[in-house]
Amino acid sequence: MPDLLNRIFRRRGGDPGLSCQEMVELVTDYLEGALSPADHGRFEAHIAGCEGCTMYLRQMREMLELLGELTTKSISPQAEAELLATFRDWKSDGPD
């Protein structure tokens with residue numbers, strides 16, 4: 001089974017490439033131009049061969065385009081406090 005998963009999620013040719021999960025973790029750095037040249041190449045090689053990740057990258061770009069630059073000044077203090085409380089509660093609801 002691991003061999004099948006490696007064939008699905010990895011590039012050919014002995015280079016371990018980038019998994020879909022790694023691609024998702026690196027997408028922000030990729031869009032901000034913050035990846036090393038090696039990671040940038042691995043990222044682009046992965047999306048060149050993975051339709052699902054290519055679609056995810058396209059969706060991320062569209063979301064950023066639609067949202068523009070969202071700053072704390074663009075929301076009310078009450079909305080900011082509610083968001084912060086929600087995320088604090090979300091993090092504390094994890095397993096003990």
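These legends walk through several close-up views of a predicted model.

Residue numbers start at 1 in each chain and follow its written sequence. Because the model is predicted, local features need pLDDT of at least 70 and side-chain atom pairs count only at pLDDT 80 or more, while totals for chains, interfaces and linings use all residues; side-chain values use heavy atoms, with hydrogens and water left out.

**View 1. Confidence along the chain.** The protein has a mean pLDDT (the predictor's confidence in each residue, from 0 to 100) of 79, and 74% of its residues reach 70 or more. Residues 1-14 have pLDDT below 50, and this stretch has 14 contacts (heavy atoms within 4.5 Å) in the model beyond near neighbours in sequence. A friendly caution applies here: where pLDDT is low, the predicted coordinates should not be read in detail.

**View 2. Helix α2 against helix α4.** Helices here are DSSP runs (H or I, at least four residues), numbered from the N terminus. Helix α2 spans residues 20-31 and helix α4 spans residues 51-67; they pack at an angle of about 30°, with axes 11 Å apart. Axes are lines fitted to C-alpha atoms over the stretch in contact, and angles run from 0 to 180 degrees between N-to-C directions. That angle makes α2 roughly parallel to α4 (under 35 degrees). The contact involves Cys20, Met23, Val24, Val27, Tyr30 and Leu31 from α2, with Cys53, Tyr56, Leu57, Met60, Arg61 and Leu64 from α4.

**View 3. Helix α3 meeting helix α4.** Helix α3 covers residues 37-49, and its axis comes within 5 Å of that of α4, crossing at roughly 110°. The two helices are therefore roughly perpendicular (65 to 115 degrees). On the α3 side, Phe43, His46, Ile47 and Gly49 meet Glu51, Cys53, Thr54 and Leu57 of α4.

View 4. How many disulfides does the structure hold? The count is 0, a disulfide being a pair of cysteine sulfur atoms within 2.5 Å. For cysteine 20, the closest cysteine sulfur is in cysteine 53 at 3.7 Å, too far for a bond. For cysteine 53, the closest is in cysteine 50 at 3.6 Å, again too far.

**View 5. Cysteine 50 in its loop.** Cysteine 50 sits in the loop between α3 and α4. With 17% relative accessibility, cysteine 50 counts as buried. Serine 19 lies 31 residues away in sequence from cysteine 50, and the C-alpha atoms of the two are 9.8 Å apart in space.

How values were computed. Parallel < 35°, antiparallel > 145°, perpendicular 65-115°, else oblique. Buried < 20%, exposed > 50% of the residue type's maximum accessible area, 1.4 Å probe, protein only.
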